[in-house]
Amino acid sequence: MDKQSKFIKDQSDAMTRQAKTMEAQFDIIRDESATMKRQADAMEGQSNLMLENMEYNRLSKRHERLNKEMTLLVGPLYARRKEKNIFQMIDRSERYTFHAKDIVNLMHHDYITFWENIDQYLYLNQSSELRRALGNYYQAIYNNFYFRELKMQSEMERNKEIFEKTTVPRLIEKIEERHQQLEKEIKDLENKR
């Protein structure tokens, strides 16, 4: 074999080795690509699980929030909505005055305790309509106190009439509406979970 043939054979062998090396590198790249695809799929699955978990947590917190509003605010209002002794015109300052006198009158004690609990949990209210109705209720009570202090008897009587014919019925209507809304929202959330 002459030098040129040997050179060509060596070059051919080198090219064969290079082709095998490139084929091996291609196999490695294909394996790495498949591994990366599996990792991407796993990451996507993990991401989907995290999103589902976040949604579940969001729904759980919403459910908890609605249950608190129902249990601590709307439920007590709804349960006692037909009791006239709860929806009467006693001023806030009078409530605290009764407290200071060791509360002899049980009806006033019930009224005071009830409304103190409602006041404590007003922050849970998410209904602007119920908020407005409660604000009107409290404002009417304040107006009555104000008119009494200024000895404006005719204004007191007019305010009391509006209170009994409009303010309290509207408040009770908004309590009932919010109670229905909360029941529906809570049930819907329970069905989603």
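This is a predicted model: local features need pLDDT of at least 70, side-chain atom pairs count only at pLDDT 80 or more; totals for chains, interfaces and linings use all residues.
Q: At what angle do α1 and α5 cross?
A: The axes of helix α1, residues 3-79, and α5 cross at roughly 150° and come within 10 Å. Angles over 145 degrees count as roughly antiparallel, so α1 and α5 are roughly antiparallel to each other.

Q: Which residues of α1 and α5 make the contact?
A: On α1 they include L59, L66, M70 and Y78, while α5 contributes, among others, I175, H179, L182 and K192. By class, the residues of this contact of α1 with α5 divide into ten nonpolar, three polar and eight charged.

Q: Ok, and how far apart are the axes of α4 and α5?
A: Helix α4, residues 128-149, and helix α5, residues 153-192, have their axes 9 Å apart and pack at an angle of about 160°. The two are therefore roughly antiparallel to each other, and the crossing of α4 and α5 is left-handed.

Q: What classes of residue are in that contact of α4 with α5?
A: Twelve are nonpolar, five polar and seven charged; among them are L130, Y137 and F147 of α4 and F163, V168 and R178 of α5.

Q: Changing topic, how much space lies in the largest pocket?
A: The largest pocket holds about 260 Å³ of space.

Q: Which residues are closest to its centre?
A: Of the 13 residues lining the largest pocket, K84, F87, F163, E164 and V168 are the closest to its centre, and by class the lining has six nonpolar, one polar and six charged residues.

Note on methods:
Residues are numbered from 1 along each chain as its sequence is written. Side-chain values use heavy atoms; hydrogens and water are left out. Axes are lines fitted to C-alpha atoms, for helices over the stretch in contact, and angles run from 0 to 180 degrees between N-to-C directions. Helices (H or I, at least four residues) and strands (E, at least two) are DSSP runs, numbered from the N terminus. Angles under 35 degrees count as roughly parallel, over 145 as roughly antiparallel, 65 to 115 as roughly perpendicular and the rest as oblique. A crossing is left-handed if the near helix is turned anticlockwise from the far one by less than a right angle, and right-handed if clockwise. Contact means heavy atoms within 4.5 Å. Ala, Val, Leu, Ile, Met, Phe, Trp, Tyr, Cys and Pro count as nonpolar, Asp, Glu, Lys and Arg as charged, and the others, Gly among them, as polar. On a 1 Å grid over the protein atoms alone, a cavity is a set of points where a 1.4 Å probe fits but cannot get out, and a pocket is an open set with protein on both sides within 12 Å along at least five of seven lines; lining residues have an atom within 4 Å of a point. Grid points are joined across faces, edges and corners, and a volume is the space filled by probe spheres set on the points.
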